[in-house]
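Let's take a walk through this structure, starting with charged side chains and then moving on to a sheet. Have the coordinates open as you read.

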Amino acid sequence: MSADSGVAEAAAVLRAGGLVAFPTETVYGLGANALDAQAVARIFAAKARPSFDPLITHLAEAAELEKLVGTVSPAVAVLAERFWPGPLTLIVDRPAAIPPIVTSGLETMAVRVPDHAAARGLIAAAGVPVAAPSANRFGQLSPTWAEHVVAGLGAAVDVVLDGGPTRCGIESTIVDVRGERPVVLRLGALPVESLEEAVGPVTVRPGSSGQPVAPGTLAAHYAPRTPLRLVTGAGPMDGGGARRGFLGFRSRPAGEWAAVEVLSSDGDLTEAAARLFDALHRLDGAGVDEIVVEPVPEVGVGRAVNDRLRRAAATWG
Ligand code: TXA
Ligand code: MG
């Protein structure tokens, strides 16, 4: 079967109310026809996702946003023009065509155009907006390979489109530009610095929990099954008699470890983000008692990487 026929078949499954996992530039998404409330309900069931956690609607082209919601604000237009297709999710008013289950009853809708040919081909062929969270079980590690989707969701998905590893490796940055000053609701693959270059100063909503405005911001999220500990400061570390795994930024730690993953020996944060979840999936499968993690530099996309690591650690804190 050619890749094209794969996309065409998957689009037919979407139109028929089925679930299709597909690659994007960030992570794999679990898609359903966003206009079909019953299809969207299957996403929540497949992920065991709480109904209060709204989904992102995906479009094939930026031009489709106006068709879906009518006129958009100048701030949305500027950011869409500048960063779509790309790893930026914008908050707009929910149009009547989108059933409330997509937005968990919110009058706002999160929307983006992914920068990935298969994703855009799929959405265009389906001819409908596609609601898609990350294609993992709620709260667990995000999927950056088709194999992660199959291992995590299995038979709950009708079709998995395999596009190999995703380029960015972490989710999109979510920004609300409805107020005076843009608010980053979730740090992600588009660095805050790039946003600020385009629209001036933004507010980054303090990450911790309590109020799950953007529940990828729940304090405990993105967690492996193995306890994970984030080390801060330069204290001594050891492999605990080789019962521990280590996730490092640039280099291997001293001592004996059962498993070691280095995110980027060149110290490249983009590479580190792209490898983050894959490395965590591997360490999670290594049979260790604990995963010890070193944070990356708190700059650019490194902020989003550390955000994920803190939430993963909070699950076990
Ligand atoms: O990169 C991504 O964004 C990936 C790919 C598949 O596009 N999707 C993704 O979806 O990360 P998910 O469901 O794992 O995270 C969506 C986040 C959640 O934290 C949700 O709370 C937030 O988007 N969200 C959705 N609608 C919202 C809204 N109306 N207001 C605020 N936050 C919203
Ligand atoms: Mg997610």
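Predicted model: local features only at pLDDT ≥ 70, side-chain atom pairs only at ≥ 80, totals over all residues.

Arg-308 and Asp-307 meet through their side chains in a salt bridge, 3.0 Å from N to O; the term covers a side-chain nitrogen of Lys or Arg within 4 Å of a carboxyl oxygen of Asp or Glu. Residues are numbered from 1 along each chain as its sequence is written, chains are lettered from A and ligands numbered from 1 in the order written, and side-chain values use heavy atoms, with hydrogens and water left out.

Arg-308 is buried, at 1% relative accessibility, and Asp-307 is buried too, at 7%. (Buried means under 20% relative accessible area, exposed over 50%, partly exposed in between, using a 1.4 Å probe and protein chains only.) Glu-171, at 4%, also counts as buried. You'll find Glu-171 in the loop between β7 (159-160) and β8 (173-176); strands here are DSSP runs of E with at least two residues, helices are runs of H or I with at least four, and both are numbered from the N terminus. Beyond its neighbours within four places in sequence, Glu-171 is in contact (heavy atoms within 4.5 Å) with residues including Ser-142, Arg-186, Tyr-222 and Arg-308.

Now for the sheet. Four strands form an open, parallel sheet in the order β11-β14-β12-β13, where pairing takes at least two DSSP bridges between two strands. β11 (228-230) and β13 (259-262) sit at the edges with a single partner strand each, so one side of each has no neighbour in the sheet. Between β12 (residues 244-248) and β14 (residues 290-293) there are four bridges, and Arg-244 stands opposite Glu-290 in β14. Helix α9 (residues 302-316) packs on the sheet, touching β11, β12 and β14.

Glu-290 has another partner: Arg-229 forms a salt bridge with Glu-290, closest N and O atoms 3.0 Å apart. Arg-229 belongs to β11 and Glu-290 to β14, so the pair ties together parts 61 residues apart in sequence. Arg-229 is partly exposed at 36%, while Glu-290 is buried at 17%.

Definitions and conventions: Axes fitted to C-alpha atoms, helices over the stretch in contact; angles between N-to-C directions.
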